[in-house]
Amino acid sequence: HSLVQESNSRTNGQVSQYQSRKGGSMEDNSRKITRRQFVASTASTAVALTVIRRHVLGGPRHISPNEKLNVACIGCGGKGESDIGGVSSENIVALCDVDEGRAAGAIQRFPNAARYNDWRVMLEKEDHNIDAVTVSTPDHTHAPAAMAAIELGKHVYVQKPLTHSVYEAQRLIKAARHYKVATQMGNQGHAGEDTRKLCEWIWQGGIGTVKEVHFWTDRPIWAQGIDRPADSPPVPANLNWDVWLGVAPERPYHPAYHPFSWRGWWDFGCGAIGDMACHIMDAGFWALQLQGPCSVEAESPGLNSETFPKWSVITFEFPARGAFPPVKAVWYDGGKLPTRPPELDEWVRKDEEQAKKMALPTGSNGQMYIGDKGVLVAGCYGDGPAIYPQQRMLEFLDSEPKKTLKRSPGHYKEWIDACKGGEPASGNFDHAGPLTITALLGNVALRAGEKIRWNGKTVTNVPKAKGYLRREYRKGWRL
């Protein structure tokens, strides 16, 4: 069955055009309620649908803890399938994916859910049926899909990175607050026990004062530093290529983009730092109470107008924050690694075979905090934190560090509970937004080719870098 079967049956024709809203946004609530229109290709007249935003009706629907949310899911294959599984304790009422083949598993699991291949049509037609929306698409679609749901008063869960551009993140942070919806980004390590432990150890002086941090990943595991494909194979029959492109500039379909390698292309993904920083930098962002850098400088093999570089080393300088002194954080990808500090020499002696394979205890993905009393190393998701020298860790654990952070009921459960009136998820947009902006400023510095200075709102010293904070959307699309 086609993913558009549901919408076809209701409109007596296949949806071929859709006009998005033009008014009534959070920036101008005085505007009249607008009409969105979509035109059925086999119909002689347009079918107009009136959109009544939830803030006009008093905000999101109140849902008691004993009720189930009605959830619509945008993106059903790959990570989307696992996100759907994460919220499957609720009612999955609608599924949307541009690729029918990628969505097959979710369709089989939830055969009664309405099915679409255009998220705009789904939100229009299912507005009255849904309470919350998950967004598990390529990066360039995160912000427009999430914003459309938020403006309808829907709670939103969005995969990492939160957005494709700095401007989009700034807008989503404001929109979530304005419409009073429950939000969360998909960096599951944030809910972990070890992430909380890492924060508590740093706050309670486990390694003393931290003035330097290092984050590294083995990404990219896809092609980067390459040019655009020259050939133009036909679009697969089960793929809605126009909606997959979404806000991105027009270009022919190619398997070099969909379904996997889109992360390496400037138009669609955010590169290695976009893929992994919201995981690897997350614990440090929380533990060191970071909000945003004051400067960013990037080193790479050179700028490519189509794809991210093969590797990069990006240095972020953060200003003092209350009791926390200024701190330098360095990001490494493409096989680059930080220098191993002398405190880790005992780790090398303890397991020489392992040390021959890995330059650092956590291997090719990890994080390291340099303090004046020791070094703390942890894995990608903050997992397995350990303090070196070992004697320092033994002494610190003997002091019985306290659990000062509330433990999480689970990554998806945090968001579900928040949607039902509970406490905000710890990874909500107020946390995820600044974290994403920081990572994306690394990409801005890459493209600018020189050190940029950031004042919390914009780049202050490199005029051309301001152009990389925001992208122009393809005609017919808006945030």
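Predicted model: local features only at pLDDT ≥ 70, side-chain atom pairs only at ≥ 80, totals over all residues.
Helices and strands are here taken as DSSP runs, a helix having at least four residues and a strand at least two, and they are numbered from the N terminus.

**Nonpolar cores**

- The largest nonpolar core has 118 residues, and within this core Trp331, Tyr369 and Ile452 touch the most other members. Helix H15 (residues 429–448) gives the most to this core, contributing eleven residues.
- Apart from this core lies another one, made of 22 residues, among them Ile84, Ile107, Phe110 and Trp415.
- As background, nonpolar side chains in soluble globular proteins tend to be buried together.

**Salt bridges**

- The count of salt bridges in the model comes to 23.
- Arg177 forms a salt bridge with Asp430, and the closest N and O atoms of this pair are 2.8 Å apart. Arg177 belongs to helix H6 (residues 166–179) and Asp430 to helix H15, so that the pair links distant parts of the chain, 253 residues apart. Arg177 counts as exposed because its relative accessibility is 53%, and the limit for that class is over 50%, whereas Asp430, at 40%, counts as partly exposed.
- Arg251 and Glu306 also form a salt bridge, with their closest N and O atoms 3.3 Å apart. Arg251 lies in the loop between helix H8 (241–245) and helix H9 (271–280), while Glu306 lies in the loop between strand S11 (295–299) and strand S12 (312–318), so this pair ties together parts that are 55 residues apart in sequence. Both Arg251 and Glu306 are buried.
- Lys413 and Asp417 form a salt bridge whose closest N and O atoms are 2.8 Å apart. Both residues lie in helix H14 (residues 411–419), four residues apart, which is about one turn of the helix. In general, an α-helix has 3.6 residues a turn, so residues three or four places apart point the same way. Lys413 is partly exposed, with a relative accessible area of 40%, and Asp417 is partly exposed at 27%.
- A network of salt bridges links Asp139, Lys160, Asp218, Arg219, Arg263 and Asp275.

**Helices and how they pack**

- Helix H4 (residues 119–126) is largely enclosed by the rest of the structure, because eight of its eight residues are buried. Among these buried residues are Trp119, Val121, Met122 and Leu123, and also Arg120, Glu124, Lys125 and Glu126.
- Two packed helices are described by the angle between their axes and the distance between the axes.
- The axes of H5 and H6 come within 10 Å and cross at roughly 15°. The two helices, H5 and H6, are therefore roughly parallel to each other, and their crossing is left-handed.
- Where H5 and H6 meet, the residues on the H5 side include Ala143, Met147 and Glu151, and those on the H6 side include Leu172, Ala176 and Tyr179. Glu151, found in helix H5 (residues 139–151), is buried, with a relative accessible area of 0%. Glu151 and Ala176 are 25 residues apart in sequence, and their C-alpha atoms are 8.8 Å apart in space.
- The axes of H9 and H15 come within 9 Å and cross at roughly 150°. H9 and H15 are therefore roughly antiparallel to each other, and their crossing is right-handed. Ile273, Ala277 and Cys278 in H9 meet Leu435, Thr436, Ala439 and Asn443 in H15.

**Backbone details**

- Most residues other than glycine have a negative phi, and most peptide bonds are trans.
- The peptide bond from His258 to Pro259 is cis, with omega near 15°, and Pro259 is found in the loop between H8 and H9.
- The peptide bond from Tyr388 to Pro389 is also cis, with omega near 0°.
- Gln289 has a positive phi of about 55° although it is not a glycine, and Gln289 is partly exposed, with a relative accessible area of 39%.

Note on methods: Residues numbered from 1 in each chain as written. Heavy atoms only, no water. Core = buried A, V, L, I, M, F, W, Y, C linked by side-chain atoms within 4.5 Å. Buried < 20%, exposed > 50% of the residue type's maximum accessible area, 1.4 Å probe, protein only. Salt bridge = Lys/Arg side-chain N within 4 Å of Asp/Glu carboxyl O. Axes fitted to C-alpha atoms, helices over the stretch in contact; angles between N-to-C directions. Parallel < 35°, antiparallel > 145°, perpendicular 65-115°, else oblique. Left-handed = near helix turned anticlockwise from the far one by under 90°. Contact = heavy atoms within 4.5 Å.
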